Structures are given as structure tokens and as C-alpha cells.
Amino acid sequence: MNILKLADFEVKEIEEILENAAAFKSGKKKINYNGEKIIANLFFEPSTRTHYSFETAELKLGCKTMNFEAETSSMKKGETLYDTVKTFESLGVNAVVIRHKEDEYYKQLANIKIPILNGGDGTKDHPSQSLLDLYTIKEEFGHFEGLKVLIVGDIKHSRVAHSNIKVMERLGMKVYTSGPEEYKDDDLEFVNFDEYLPKVDVVMLLRIQLERHEKDTIVNKEEYNSKYGLNKNNINKMKGNAIIMHPAPFNRNVEITDEIVECDKSRIFKQIENGVFVRMAMIEKSLENI
Ligand code: CP
């Protein structure tokens, strides 16, 4: 089974993945494929968390892993994405994890028969990040219904924002967005950051995704942080039990200052920890019935 975007999954299927992730984390659930499943990780964009979190998950499940290097592959001779993935299928690989800069790159892979796990496509979707974000929120609050989430920053270029807004609303959360006007999607309203900071349960900060901007953007770090970031002056305005999330990598002293990165409210490294168990559950689901 492919896992390309969470819109393809019913709420009960999403909840099932999160429950399985919790069982992997607590040790109640163990799976060992004993090296009989091979998973290839094809990352066409830089990644630390998603790539190595998937690889850690694969190793914990007893899979064999392959890490594709586009720079030394036959793509340098002009081979297409489809022919590259078809080659891995022909080699006998059981599933592929793919990150690619093109929105919905997977549409050109419709004839591939092995499961594809989307490690992020352009500005569209990042299902494994959304699932680990949901897992971290559920772990913290025990439920989704009625929670208020403020997503702040470069919404326009963020697949994390686009992926999360849709699924969070389906799960009963109220999602607000804020940031500089130039990072707003046409179909979204931006709220005032200072006004909503004290009202929400989750503040999710986003990195300014300079690599996806059409023209060079000059960011004044101090100005950005004082208007749209967290720092020691405004963190005390958050609700007592509210948490800070960030998909990372984060820009220190832009969206979050050094002293806040690992403060009591921050779940940034907890998100990374949880990502491994969520991806184990995703791999299990994708390999079902094969
Ligand atoms: N959050 C995330 O996708 O990080 P990487 O780009 O390092 O994978």
C-alpha cells in the first residue's frame, strides 16, 4: 500500500497508525522481518530527520536498507524518476521511501507495483511529519478534539503546513495561521501572532524555506523573531500547558531563540524521537499483505 498523502486515509486508519506507533514505542508491539524485506530510501532533496528516521525505523523492524545516491546514479546519464524506481522494483526491493522537490511526483509512478512511502513532495504533503506531529500532540493532551493550533511562518512554501492543516481540521482541531504577509496562501487568513499566542495549545513554528522562494528573500533575524518568533520575552505569554513544536531543521534565533529550543515547553526533539515509531507503523502498514 502506498502512503502518499493523509487525505487518502480515513480518520480511523490514521488513528490505527498512531496506536501502532504507541505500541512500538511502549514495546508492546514488536515486528522482525528478519532481513526478508528490503527498503530503498530515495532522497532527491536534502534531509536529516526524515531520511535517517525512516532508516532507523527500517533497521528496528529488521529490514535491509539501501540508500540511493542520485549524484552517483544513472540519473546523471538522464534516467527518469520512473525508470529509476522501476529498476528498484525489478531488483526485488519491497518498498521505497521517496522525497522529491516536485509536487505530487508520485503521479508519474502510478505503474509502480511496490509500496511508495512519501518522504515529502514539493510544497504539497509530508505525511510522516504530519503523523509524528499528531502523535506528539496526542501523547501530550490525550485527544485532538477542540485543541487550538497556531502554525507560524512560511506557510506558502511549507509542505508541513499544507499537510497538517488538512488533517488537523479533520481530527477536530482548530488551526490558525500567522506570519509575514508574503508567506500567506491565497485561501488562508493570517491572524495576529501576539494576539493568538496566549490562546492556543500548540505553537508550531516553521522554517523560512529560502530554497523554495522564487526570488531572493532577505530576512532580518531579530525583526523576524520579535514579530513571529518565540523568545524569552514572549514565551511566558503562552498558556501554562501549551507546547512548542517545529518540524526542524530550525533557524536558531530566527523563529526560535537559543534559550527556547530545549525549554520545558519545547517538544522539538520529542517529535524527532516519536518519528521513528510513527515510521515503523507506516512501514508495517505499507507492507501489509505483501
Ligand atoms: N522535518 C523534516 O522533514 O526534516 P528533514 O528535512 O531533515 O528530513
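**Exercise 1.** Determine which residues surround the ligand.

*Solution.* Taking residues with a heavy atom within 4 Å of the ligand as near, the shell consists of Ser47, Thr48, Arg49, Thr50, Arg99, His126, Gln129, Pro247 and Ala248. This is a predicted model, in which local features need pLDDT of at least 70, side-chain atom pairs count only at pLDDT 80 or more, and totals for chains, interfaces and linings use all residues. Residues are numbered from 1 along each chain as its sequence is written, and side-chain values use heavy atoms, with hydrogens and water left out. Next, sort the shell by class: 2 residues are nonpolar, 5 polar and 2 charged. Finally, consider domains: domain 1 (6–125 + 273–286) and domain 2 (127–267) each supply at least three residues of the shell.

**Exercise 2.** Identify polar atoms of the protein that lie close to ligand atoms, using pairs of N or O atoms within 3.5 Å.

*Solution.* Begin with the ligand oxygen atoms: one is 3.0 Å from a polar backbone atom of Arg49, and one is 2.9 Å from an N or O atom in the side chain of Arg99. Then take nitrogen: a ligand nitrogen atom lies 3.0 Å from a polar side-chain atom of Gln129. Of the 260 Å² of accessible area that the ligand has on its own (Shrake-Rupley method, 1.4 Å probe), the protein covers 91%.

**Exercise 3.** Which residues line the largest cavity?

*Solution.* A cavity is a set of points on a 1 Å grid where a 1.4 Å probe fits but cannot get out, and lining residues have an atom within 4 Å of a point. The structure holds 1 cavity of 30 Å³ or more. The largest cavity has a volume of about 60 Å³, and its lining includes Arg49, Gln129 and Pro247, together with Ser53, Leu132, His246, Gln271, Ile272 and Arg279.

Terms used
Polar contact = N/O pair within 3.5 Å; in protein donor to acceptor, adjacent residues only side chain to side chain. Nonpolar A, V, L, I, M, F, W, Y, C, P; charged D, E, K, R; others polar. Domains from an automatic or database assignment. 1 Å grid on protein atoms, 1.4 Å probe; cavity = no way out; pocket = protein on both sides within 12 Å on 5 of 7 lines; lining within 4 Å. Points joined across faces, edges and corners; volume = space filled by probe spheres on them.
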